Protein chains: 2
Amino acid sequence: MATMTAAQRREQARADYDAFLRACPTNQLLGRLSDKWVGLVVAALAPGPRRYSDLGRKIAGVSPKMLTQTLRSLERDGIISRTVTPSVPVRVDYELTPLGASLACLLTAVKDWAETHFDEVRAARERYDTDNPA
Amino acid sequence: MATMTAAQRREQARADYDAFLRACPTNQLLGRLSDKWVGLVVAALAPGPRRYSDLGRKIAGVSPKMLTQTLRSLERDGIISRTVTPSVPVRVDYELTPLGASLACLLTAVKDWAETHFDEVRAARERYDTDNPA
DNA sequence: CGGCATCCACAGAGATACTG
DNA sequence: CAGTATCTCTGTGGATGCCG
């Protein structure tokens, strides 16, 4: 039908684009990295393996649910490995896979950029906020 | 008081940690990068300046609101610059600043990692989904 | 053309309570 | 210890409509 509102056309475009975005590896990775806890978990595991509750303590403020959820998704993506030791009580260790280690390098690169340029960003923000008072 | 539930203690910890996270440049940057549209806008602007509605068409599926919001936050952070030409009708151009260009490099690094390792991630996912049927 | 204010709907974070 | 199941509530994105 010819009578399509702008909103309808955009909705259609968005549906297509969404599919495209979901298929895009870069976007998927960005989504993962930005998950609130992923960066922290990877950082916490970088020095070596850790147990579940150990992570919970190290990361302070994460709920059991989110910790599990984060660990699961990372495990699914092959970033970390999960090892169950069926003792009593149970013991579960998590550690970075080689793939996870290479991801940690990326994260470090991001961290370096952030630390190098953060002063500029801060300066830009102050300038902006001064020029555009609320 | 000594009688603090686990939840209360975690809430306290989270409050502290949240403050810490917000102060952390790395996390701020990650938050920015992962904003659904930031990567696309930066990518669209990488080849050269573009007009507002030009971006809207190029990015296909973005709502005016989100486009403006994204552009504003990037402008505030000194990633892009906004140039108004007061003709009739008005004309507004956006372009990457030098800082924005360096960010684009980072984004490229992420993209490269994603393209290099995405097969591994896909394989890991399939393995995981096979071993853990819903 | 470019942009903002308003309203709404939904995904997802988190609290709480329970289990192998 | 290491989770899981359920519920709720907020934040965020989108639609709509109006201004310079």
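Reader: Why does Ala60(B) count as partly exposed?

Author: The relative accessibility of Ala60(B) is 22%. Buried means under 20% relative accessible area, exposed means over 50%, and partly exposed lies in between (1.4 Å probe, protein chains only), so Ala60(B) counts as partly exposed. The model is predicted: local features need pLDDT of at least 70, side-chain atom pairs count only at pLDDT 80 or more, and totals for chains, interfaces and linings use all residues. Residues are numbered from 1 along each chain as its sequence is written, chains are lettered from A and ligands numbered from 1 in the order written, and side-chain values use heavy atoms, with hydrogens and water left out.

Reader: What is the phi of Ala60(B), and where does the residue lie?

Author: Phi of Ala60(B) is near 40°, a positive value in a residue other than glycine. Ala60(B) sits in the loop between helix H4 (52-59) and helix H5 (64-76) of chain B; helices (H or I, at least four residues) and strands (E, at least two) are DSSP runs, numbered from the N terminus. In chain A, Ala60(A) has a positive phi of about 40° and a relative accessible area of 22%, which makes it partly exposed.

Reader: Is Cys24(B) buried or exposed?

Author: Cys24(B) has a relative accessible area of 18% and is therefore buried. Cys24(A), at 19%, counts as buried too.

Reader: Which residues of helix H2 of chain B are buried?

Author: In H2 (residues 25-34) of chain B they are Thr26(B), Leu29(B), Leu30(B) and Leu33(B). They cover an arc of only 100° around the axis, so they are on the same side of H2(B); the arc is that of the directions from the helix axis to the C-beta atoms.

Reader: What do the buried residues of H2(B) pack against?

Author: Their partners are helices H2 (25-34) and H6 (98-131) of chain A, and helices H3 (38-45) and H6 (98-131) of chain B. Contact means heavy atoms within 4.5 Å.

Reader: Which peptide bond at Pro89(A) is cis?

Author: The bond from Val88(A) to Pro89(A), with omega near 0°. Pro89(A) lies in the loop between strands S2 (80-85) and S3 (91-96) of chain A. In chain B, a cis peptide bond joins Val88(B) and Pro89(B), with omega about 0°.
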